[in-house]
Amino acid sequence: KTFFIAGLLAVKYGKVVSYFGSMGALSIMSVLAVLLGQVFQAIPHSLTSGLPIADYAAIVLFTYFGLQTLQDAYKLPGKGENTKMDEELEEAEDVVKDFSKQLGNRQSW
């Protein structure tokens, strides 16, 4: 979905706007990930009994999202059927249309 939105924004508003918007979102997500990692590392060892909580959390999350991705891939329909990618594309187009309507109401050019 994110890929489609970035592509549609690039077509509609130009590649520079799309690039800086995508890079800004990526930067924010990276900062949030670092902050979350720092919070996990700041947990005193006396509370965790010496267990590496951050490592276990990473293992659980990677396993969960990996299995979820495999399950989504297994559920993909065959050729000729409405695919999840088509649904994601339609949803992304709706998001861009709503955004452009909001943006059009704010700008007078």
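Predicted model: local features only at pLDDT ≥ 70, side-chain atom pairs only at ≥ 80, totals over all residues.
## Terms and basis of the model

Residues are numbered from 1 along each chain as its sequence is written, and side-chain values use heavy atoms, with hydrogens and water left out.

## Overall fold

The chain has five helices and zero strands, where helices (H or I, at least four residues) and strands (E, at least two) are DSSP runs numbered from the N terminus; in sequence order the pattern is α-α-α-α-α. Of the 109 residues, 6% count as buried, a class that means under 20% relative accessible area, with exposed meaning over 50% and partly exposed in between (1.4 Å probe, protein chains only).

The accessible surface of the chain is about 9,300 Å², and 66% of that surface belongs to carbon and sulfur atoms; such areas come from the Shrake-Rupley method with a 1.4 Å probe, and for residues only the protein chains shown count as cover. Among contacts (heavy atoms within 4.5 Å) between residues at least 6 apart in sequence, 70% join residues at least 24 apart.

Helix 1 covers residues 2-13, and because its 12 residues should span 16 Å at 1.5 Å a residue, the separation of 16 Å between its end C-alpha atoms agrees with expectation; the expected span is 1.5 Å times one less than the number of residues. After helix 1 comes G14, which has a positive phi near 105°.

L8 lies in helix 1 and counts as partly exposed because its relative accessibility is 22%. Leaving aside residues up to four places away in sequence, L8 touches L89, A92, E93 and V96, while the C-alpha atoms of L8 and V95, which are 87 residues apart along the chain, are separated by 9.8 Å.

## Two serines of helix 2

S18, found in helix 2, is buried because its relative accessible area is 10%. Not counting residues up to four places away in sequence, S18 touches A6, L9 and A10, and a polar atom of the S18 side chain lies 3.0 Å from the backbone oxygen of A6, which falls under the heading of polar contacts (N or O atoms within 3.5 Å; within protein, one must be able to donate a hydrogen and the other to accept it, and residues adjacent in sequence count only if both atoms are side-chain atoms).

S27 is also placed in helix 2, but with a relative accessible area of 40% S27 is partly exposed. A polar atom of the S27 side chain lies 2.8 Å from the backbone oxygen of M23.

## The nonpolar patch and helix 4

On the surface, L36, F40, L51, I53, Y56 and I59 form a nonpolar patch that together has about 530 Å² of accessible area. The elements that give two or more residues to this patch are helix 2 (15-41) and helix 4 (53-74), and helix 4 gives the most, with three residues.

Y56, a residue of the patch, has its place in helix 4 and counts as partly exposed at 43% relative accessibility. A57 lies in helix 4 as well and is partly exposed, with a relative accessible area of 22%; A57 and F40 are 17 residues apart in sequence and 9.3 Å apart in space, C-alpha to C-alpha.

Technical notes. Patch = residues over 30% accessible without salt bridge, like charges linked within 9 Å, V, L, I, M, F, W, Y side chains within 5 Å. Salt bridge = Lys/Arg side-chain N within 4 Å of Asp/Glu carboxyl O.
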